[in-house]
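Visitor: I have a protein model open and would like to learn how to read it. Could you walk me through it?

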Amino acid sequence: MRVYLDNNATSIVDPHVFEAMEPFFVKKYGNPSSLHQFASDTHKPLKEAMQKIYAGINAKSEDSVVITSCATESNNWVLKSIYFEYILTGRKNHIIVSEVEHPSIIATAKFLESKGCKVTYLPINSEGIVEAHTVRDFITDKTALVSIMWVNNETGAIFPIEEIGEICAAKGVLFHTDAVQAIGKLPVNVQKANIDYLTMSAHKFHGPKGVGALYMKKGKELTPLLHGGSQMNGFRSGTLNVAGIVGMGKAMEQAIDALDFEMSEVKELRDRLEDALLEIPDTFVVTPRAKRAANTILISFRGIEGEAMLWDLNRANIAASTGSACASEDLESNPVMEAIGAEADLAHTAIRFSLSRYTTGEEIDYTIEVVKNAVDRLRAISSSYAYAPEGHESKL
Ligand code: 7TS
């Protein structure tokens, strides 16, 4: 059996999505900006796909949804545009992000810092959550932007986006959310949450890789990142990724249809896995289930290096993760575990299991068995864990 429990890194393309994309490679391959039949073949499917994306986040038709190549691009665009429009011009000098944003936000914020922008990295609490009042505490009259993710990719923690949106609106500060891990996991409504900018990425919700989007509220449009043409109303030049856009539209439609399933059935499987793993002594989960997206578990097994556990899982054909894939080749501790101030030895032991609507009960049962065996094996040879027979304390 091969088990894929790394859906927060990327997800399988839904077969209906694949089917919807297929005609746009060999048959309908025209450039949508051209003036012939090959081009017009793409117009209706593109329009329909865009409508599905707008509907999926409850955007108004006068708002802009600009297709990008990935969430990393959308996130870079927001921060760099804010720099050009507000910081470089001297109107403002400050942005706020959380300390557990994806590297595409953190590294960009650090880059802007090197250019003179002040950046506040908001802390998370002991449950791995950014508390809305901290946003209020750090906003000044020089704050241009608050950028807080909707769902954390490591823990699955859901951040209080509606409350933060309200605070930003009341203070007149622009608000961006990286909703990459929220789409298809919980209801996302840009109007209800007072969002000015929202990032998404198709491959996280069973769409294709290489296509993302940035939502921009009417009146809050950003300076383009890519100049050169009139595509996407001039906001993002470059020939449209027709198949990708059609795929993202279909994936969004499917994700919305599957939302109830995700929040009930996927959650049930996640809980089954979590209950079983928590029966193992000296095992910890940071964020309470009720405050997490339904598909994610970040769990620590005291005394076991995350990489060692991954090795055992991989040998048993189970895919999981110790942190985001972008960082998984470094033997670094998990950034969220560090941010909550976990003891150094625990920060190295976190393993992330992320499920999807394709995960089966059989796969979960197999994973439970493999993890239990791996814990026994690895603790028995661990130098930092005294294997404690029942009723005895471990040495840590
Ligand atoms: N934002 C968040 C919250 C993410 O989880 C990721 C990818 C990105 C942005 C970047 O997305 P992309 O479309 O540019 O690839 N996160 C992960 C992860 O958790 N493991 O691998 C990639």
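Predicted model: local features only at pLDDT ≥ 70, side-chain atom pairs only at ≥ 80, totals over all residues.

Visitor: Which residues touch the most other members in the largest nonpolar core?

Guide: A nonpolar core is a set of buried residues joined through their side chains. Here the largest one holds 84 residues, and those touching the most other members are Ile57, Ile95, Val146, Trp150, Phe159, Leu198 and Met200. Helix α8 (residues 242-257) gives the most to this core, with eight residues.

Visitor: What is Val146 in contact with, leaving aside its neighbours within four places in sequence?

Guide: Contact here means heavy atoms within 4.5 Å. On that basis, the partners of Val146 include Ile96, Val135, Ile139 and Ile164. Also on its list are Cys168, Val173, Leu174, Phe175 and His176. There is a second, separate core too: it has 27 residues, including Ile299, Met309, Phe353 and Val371.

Visitor: How is the protein chain divided into domains?

Guide: Domain bounds come from an automatic or database assignment. In this case domain 1 covers 3-10 + 259-384, and domain 2 covers 15-257. Their centres, taken over C-alpha atoms, are 28 Å apart. Where they meet, domain 1 supplies 28 residues and domain 2 supplies 31 residues.

Visitor: And which residues lie nearest the centre of the largest cavity?

Guide: Those are Lys185, Lys204, Phe205, His206 and Glu262, out of 14 lining residues. The lining divides into four nonpolar, six polar and four charged residues. The space inside is about 90 Å³, and the model has two cavities of 30 Å³ or more.

Conventions:
Residues numbered from 1 in each chain as written. Heavy atoms only, no water. 1 Å grid on protein atoms, 1.4 Å probe; cavity = no way out; pocket = protein on both sides within 12 Å on 5 of 7 lines; lining within 4 Å. Points joined across faces, edges and corners; volume = space filled by probe spheres on them. Nonpolar A, V, L, I, M, F, W, Y, C, P; charged D, E, K, R; others polar. Core = buried A, V, L, I, M, F, W, Y, C linked by side-chain atoms within 4.5 Å. Buried < 20%, exposed > 50% of the residue type's maximum accessible area, 1.4 Å probe, protein only. Helix = DSSP H or I, 4+ residues; strand = E, 2+ residues; numbered from the N terminus.
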